[in-house]
Structure formats: C-alpha cells, structure tokens
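Me: Got a model open here. Can you walk me through it, starting with what the exposure words mean?

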Amino acid sequence: MADTTESPSKLIPVWEHKIEAFMQIGIQALRLFFIAIMIVYLFSCLIGLSAKLIELTLQHGTLDFANMKNILTDALFTLIVLAIVRTLFIRNGYLYALTLLEIGFVVIIRKLILLEVDPNETWLLLILGGISALFFGLIIFAHSSKFRSSKVI
C-alpha cells in the first residue's frame, strides 16, 4: 500500500517557513508603527521647541544665559530624537554605527550643559569632556575614512 500523505518531516519545514514569514511581516508592521509614533513625537518636540523659543523671545526680548541654556538643552534633546528617527531608516551598518556615535556625542554634550558648575563635580566634568572629545575624534575619523575609501574606489 502506498502512503499518499507526506511524511511529518517534510511538513515541518513548510510550517516553519510560513510561521517565519508571518513573524517577519508582523515585525515589519511593528517597526513601521514605531517609526510613525517616533515621527509624531519628533514633530511634537519641534513644535514645543519653537513655541518655547517664540514665547521666551516675546517675553524677554533678548534672551539671557539661563533661557538660552534651557532652549539649547531642549534643542539637543530634539536633535537626539531626530537622530534616533534617522537610524530607523538606515540599512547600512557603517552609517548606523556612525549615527549611534553621533547620538552618544550629543547625549554627552547635553549632559555637560545640564551639569551645574560645582567644584565637587570637577572630575565628572573632566571625564565627560574627555569622553566627548573621544567621541568627536571617532566621528571625524569615521567621516574621513569613509571619504578616503569612497575616493579610492
């Protein structure tokens, strides 16, 4: 008697393939949903930053250091969100790593701006300054090496 049904070992890869394809579609849909949420959040940050800038300028005319510091930290936060949204569209690993370096640099600079100048915080300021200089050097090196490699090819 010939068995007309397929063996279970042949059915398993078919189901695995279908489940894997379904999961890939689900992950892609969640990725696009997350991108949409982040874009809405980015526009919210931009609108809030511009409203704060207009409000403070109308209230004070020329801004003093404290108000400019406040606006600068908000602008750096908006820049961080913008860079994160940008990374969601990058498919190249090199550009992705470079963008993450840039995000790290902006986060450290924002932390340096927010720190109050206190003699007890001297070592922290020195370490954060050194790390930000290292990040900046890595970013410049990565940009220059990319430029050299594209020039050779």
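Predicted model: local features only at pLDDT ≥ 70, side-chain atom pairs only at ≥ 80, totals over all residues.

Me: Then where does I19 fall: buried, partly exposed or exposed?
Reply: I19 is partly exposed, because its relative accessibility is 46%.

Me: Which helix is I19 in?
Reply: Helix α1, which covers residues 8-60.

Me: What patch does I19 belong to?
Reply: A nonpolar one on the surface. I19 forms it with W15, F22 and M23. Together they have about 520 Å² of accessible area.

Me: Zooming out. How many helices and strands are there?
Reply: Four helices and zero strands. Along the sequence the pattern reads α-α-α-α.

Me: What about α2, what span should it have?
Reply: Helix α2 runs over residues 65-87, so its 23 residues should span 33 Å at 1.5 Å a residue. The end C-alpha atoms are 32 Å apart, which agrees.

Me: Which residues of α2 are buried?
Reply: N67, I71, T73, L76, T78, I80, V81, A83, V85 and T87.

Me: And what share of the whole chain is buried?
Reply: 19% of the 153 residues.

Me: Last one, contacts. What share joins residues at least 24 apart?
Reply: 64%, counted among contacts between residues at least 6 apart in sequence.

Conventions
Residues numbered from 1 in each chain as written. Heavy atoms only, no water. Patch = residues over 30% accessible without salt bridge, like charges linked within 9 Å, V, L, I, M, F, W, Y side chains within 5 Å. Areas by Shrake-Rupley, 256 points an atom, 1.4 Å probe, with all protein chains shown as cover. Salt bridge = Lys/Arg side-chain N within 4 Å of Asp/Glu carboxyl O. Helix = DSSP H or I, 4+ residues; strand = E, 2+ residues; numbered from the N terminus. Buried < 20%, exposed > 50% of the residue type's maximum accessible area, 1.4 Å probe, protein only. Contact = heavy atoms within 4.5 Å. Expected span 1.5 Å × (residues − 1).
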